[in-house]
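Trainee: Please take a close look at one part of this model for me, the place where the two chains meet. I would like to know what each chain brings to it.

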Amino acid sequence: MKKWNLVIDVAACTNCNNCAVATQDEFAGNSFPGYSGPGAPDVRTLDVDRHVRGEGAMVDVHYVPRMCNHCDDAPCMKVGGDAISKRDDGIVIIDPEKGKGRHDLVDACPYGAIKWNDAEQLPQNWIFDAHLIDQGWTEPRAAHVCPTRALRALKLEDAEMSALAQAEGLAVLKPELNTGPRVYYRNLGPALSQFIGGNVTADGGNVEGADVRLLRDGKEIAATETDAFGDFRFDQVANGSAGYSLHAKRDGQGAGQVDIEGAVETSRVVTVVLN
Amino acid sequence: MRKAKLKVILAALPRIMGVARRMNPAFERHLRSGGGVIQVRLKDNSVARHYIFRDGAISTSAGLHAQPDVDIAFHDAGVALQFLKPDADQGDIIHFIKNYLVEMNGDDTVAVWFSGLVNTMQSGMWKQGTKMPDGTHRFVTNTNGGPLFVYVKDGRIVRTCPIDLAEDDPESWSVEARGKSFKPYRQSMVNVHALATKSLVYSDRRLLYPMKRVDFDPNGERNPQNRGKSGYERISWDEALDIVAGEVTRQKQTYGPGSITVLHGAHHQMGNVGYWLSSLMRFSNILGAPMQMFSPISWEGWYWGAMHHYGNSLRLGLPGAYGTMEDCMQECDMIVFWSSDPEATSGLYAGGEGSQRRLWAKELGIQFVHIDPHFNSTAQMLGGKWLPVRPTTDSALAQAIMHVWITEGLYDKDFVERCTTGFDEWKAYILGEEDGVAKTPEWQEVETGIPAKDVISLARLWGTKKTYLSAGGLGTGFGGACRAATGQQWARNMILLMAMQGWGKPGVNFGNMQCGVPLDLLPYFPGYAEGGISGDVTKNAGFINNYVRMPHVVTMNSASQRIPRERSSEVVTTGSASYYAWDGSAMEQQFGEISYPSPGQSRPHMIYQYGASSFGTTMDSSRLIKMHRDPSIDMVVSQAIWQEGETQFADIILPACTVVERPDISEVCGCAGFAHHNQNQVNHRMVVMQHKCIEPLGESKSDYRIFADILTRLGFGAMFTEGCDELDWCKRVFESSDLPSYISWSEFLKKGYVVLPPQAPETRDPVEMRWFYEGRKKETPEPHPLPSDYKTGFLEGLQTQSGKIEFLPNSLKRGDPDNPERPVLNRYVPAWEGRHSGDLAKAYPLQLVSSHPRYSFHTQADGKSGPINAIEDHRMRADGHDYWVVRMNSEDARERGLAQRDLVKLYNERAAVICAVDVSPLVARGSLKTFESCAEFDFIEDADGNIVDRGGCMNLLTPSRTQAKGTSSIAPNSCLVQAEKWSGLWGRNDEKMESGDRRRRVHELQ
């Protein structure tokens, strides 16, 4: 049995919001019996989270579109009763009739993906545009309008999807909950971790091509070289991890070392002076 | 013989119409919507017949009628036969009309009705759109953010979607670069504001009925002082049109020519027929109502500054982009984005088309640098080195880069020698030999905040790698730093940087993968700047192709004066102003000062407002309140789609419909004129039949119909319409273009779009400036400059006096030699409102940058209770209100006790605006980043007349001063403000509560 999955490439998301607004357009003033009641201008069943890292002039931003994960072991279904059902193709639907007034369902989702439509008194999720899929659409509107194709809808056997997730290094949100999300992410790592980066200088100038090593508890764990601006960056440092130090050197310009104080709760940007 | 034939044809008309009634429901509807006696004859009465249309019945008799409503007289039978042919030559028809070979006299209403009836015999049979299996009908429209399929069911829009190209649409181009092959997605990528179209149509802010301000009595007390305060009452269209038409006549008789002033924004909904340069210009010309003179708002620094160094006046000083996408992919090592955020501005009109291509640049390993006070959307997407420059100081950075190049020999000496003049003087200035100040990296650090060492690194990289300079949103200029006190300096330096690096050599050009797509740009379809149906041949680019290709009645305004947009409030309140013109025909056109009013013409006494959100787009815009309330203004008419901005200041409101409620036609991203070949940003050239997808909501009408109705009351209806409704005009535009070589009219109407095939690789356009770099004649396909502006021979050299890039422009030496604010030698002069502004900078220490918005197209799609409001990077909700977002550096926020999403009052001596604050390290310290152009103006006034707005009108805060004397140029990005936490006392202001009630009352009325 092939089922629907969504694969989101965080590196290709530019926060254009086409996915969110196309989804709102689909339900604005439209009711699809058995699938969904009308939406509302302030209800975004598909939203985009921003993750900002860094300080000074070394910063980066990652955008993570979030929506109903269509979990295979959906926590919402445990409390939803007959208001929530999972289709054979993997899509989770909140019944717009039976769900009426069920504000409790909003809290049932550990991902915050069920939104409350106050005007309609309805809990609403992103339904993968199941009503369109059933008419022959091959992707939901959110994927259709993405200018960088950061969203891909895939109808695959579960085994095929697992293999793909393995091959492409895909991740899911909050894997520790074991909810079996059907929404996967590429390049999610940077959004959920920190970096240690900075600048190598000598005699007041940037040092290009300096050899920079990241050590943890005195043991080298990564190495890189500074760019033309003397900048370097070690990505995907686990949140809250500690014990790091940086060693930099360049032939003829000396060496330098900086210890990263404390736990890395936010990304660190340091200057390493060679002498 | 001819007369006999004519008699037969005239006698047969009722029978033909009888058939039409049975086959053509639209004809039947039109027939029943009017009536009258129409008489057709030869001037000598040797042939005459009249027709009586009454209550849907048609009768006819030979001979003259005693009292025809409309009399149509042909010069002779030959003219009549040519005129009445089913596919008559439009050129002939216009010739007959203009030269009195056919004359139509009588009741204008009946004449317009009868013309429509005749046209409907054909147009009523046209099939539009495609029936879909799910029971919807698929129409097509075009927007400022790309084209859409519009799915309609039961007269209501269900959804709007981007257009996926069909298999039988032409194949896409492909580009080979560095061993890889690239092809664009076969979809027309749109912006989020395009996808908001349905929500805009059904917005609760729509104006659905004509309205009159309750205390406005055209025959008694007009109470101008209450504009923006008192409420409205619903009136009928007849009443509204009578009031407006009556006032037009009264104005002309009371004040003479020129007193009726048309005010409007710079943009309109996309469409060649309905655009302001089209229908509105035709209306204003026939009415004798002067239109505004804009400054080149988004081009400023390039027009008033950069062009003097190298020409391109017909592009308002912006470089072209031919062939640059492929050159960039194949040759370039690095792109320097300088005040450039194409992901936010979509280039200009290009939807999401450029994003995929910029990701190709990343994939190809091209390096990126971003010079901007904001780590902007493009920087966020591509990554790279960020140089957070202080607003308005960019020129110091540019000069320091040149200092490194000169001292380290990192520039193209051969190119400078061959292709430029004045370099020695420029070099002496940069090295400090001329003024004693060397423009070193250390010197600039004090100004810009960019460490000297980073400038040295950048200059060395740039001097040794093939670099594309992406200046402004298009990469070839547009927006950003060119709109500041130092805007001209900056744009001038952008040209000078390229002059030192061999502009035109492989891999060295302006761009950012947004423009220069390998399309076939040569097949002709007019852009909106070509004037559409205006008939005007002086105030748009219509004379180049449009007037020749689409014969139509020429129109010209006897009230020739133009009110300068940025000075409109001074004009109204003081009666006069002077300004410098926007005229790109030659570099020297901008030097002449123009006075308003023109001798013998009147100052404004009536404002005809078209569209209604200039509070969001005019500098220091609280000036507009005084303008609207000035006692010299007898009437303010607002013709608008939505209740927004300045609609609340009108005496009479005329409700217009959106573009999906009326027919129109346009090319995606096609503006032409000063943005020649602007569509070279899209992946597939596409022309769209903009269907009338649904009936106009409420009693709203198309702009064209409103104009026609007003002019019909004044007897100009037939002249305005030429007997055509908008769909007839669409057909005339279609036929004027090269489209008939690609698709038939009936197929185009049905399908709704046509894709024009791209160039084959072997016929692609040569790369911009390659000819110049390699010393050949000009070979890029643009009619620029004017032939007379070449110096040594046709197509030889640039437009400048020397034909070369001039470090010290001869045009400035001739036209404006002693202007310290725009010196011939492009000195670094700090902004007149900036960190050097003494006490002002102490009181208002933050520099506000308000750039072109990302999620709305200027004001369009902002507000209006739609989903755009729910985008947190656009507006943030607090206490049920959607506040405009201002981005602030984390340190600046901490100093002020501000946290994410807090409400903050931004203020200076001009006004105060309440915003929601977005706190992050993504903005340089001391800078604030926001977007310009909100559509909302939601204000209170304190006892002293100070304005506090919570609509997000950032332009209430910006200075109205021109960038430099000798120019009329906006400088919103030189703006000092202070920020403090807002205590949220809004609801306590009684007057505001009342005006809030007023807005609600307007909607209850509907």
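Mentor: In this predicted model, the contact draws 38 residues from chain A and 45 residues from chain B. On chain B, the side that touches chain A includes several elements that each give two or more residues. Two of these are strands, S9 (156-161) and S18 (385-387) of chain B. The helices of chain B that do so are H6 (192-195), H7 (197-201), H13 (353-363), H14 (377-382) and H19 (452-464). The top contributor among them is H19(B), which gives five residues. Sorted by class, this side of chain B has 23 nonpolar residues, 13 polar ones and nine charged ones.

Of the 275 residues in chain A, 51% count as buried. Taking the contacts in chain A between residues at least 6 apart in sequence, 62% join residues at least 24 apart.

Back in chain B, there is also a sheet to look at. Five strands of chain B form an open sheet with mixed pairing, in the order S3-S2-S1-S4-S5. Strand S3 (57-62) and strand S5 (102-106) of chain B are its edges, each pairing on one side only. From one strand to the next, the twist averages 15°. Within this sheet, strand S1 (residues 36-42) of chain B pairs with strand S2 (residues 48-54) of chain B in the antiparallel sense, over six bridges. B:Gly36 stands opposite B:Phe53 of S2(B).

Notes. Residues are numbered from 1 along each chain as its sequence is written. Chains are lettered from A and ligands numbered from 1 in the order in which they are written. This is a predicted model: local features need pLDDT of at least 70, side-chain atom pairs count only at pLDDT 80 or more; totals for chains, interfaces and linings use all residues. A residue is buried if 20 or more other C-beta atoms lie within 10 Å of its own, exposed if 12 or fewer, and partly exposed in between; C-beta atoms are placed from the backbone. Two residues are in contact if their C-beta atoms, placed from the backbone, lie within 7 Å. Helices (H or I, at least four residues) and strands (E, at least two) are DSSP runs, numbered from the N terminus. Ala, Val, Leu, Ile, Met, Phe, Trp, Tyr, Cys and Pro count as nonpolar, Asp, Glu, Lys and Arg as charged, and the others, Gly among them, as polar. Two strands pair if DSSP finds at least two bridges between them. Axes are lines fitted to C-alpha atoms, for helices over the stretch in contact, and angles run from 0 to 180 degrees between N-to-C directions.
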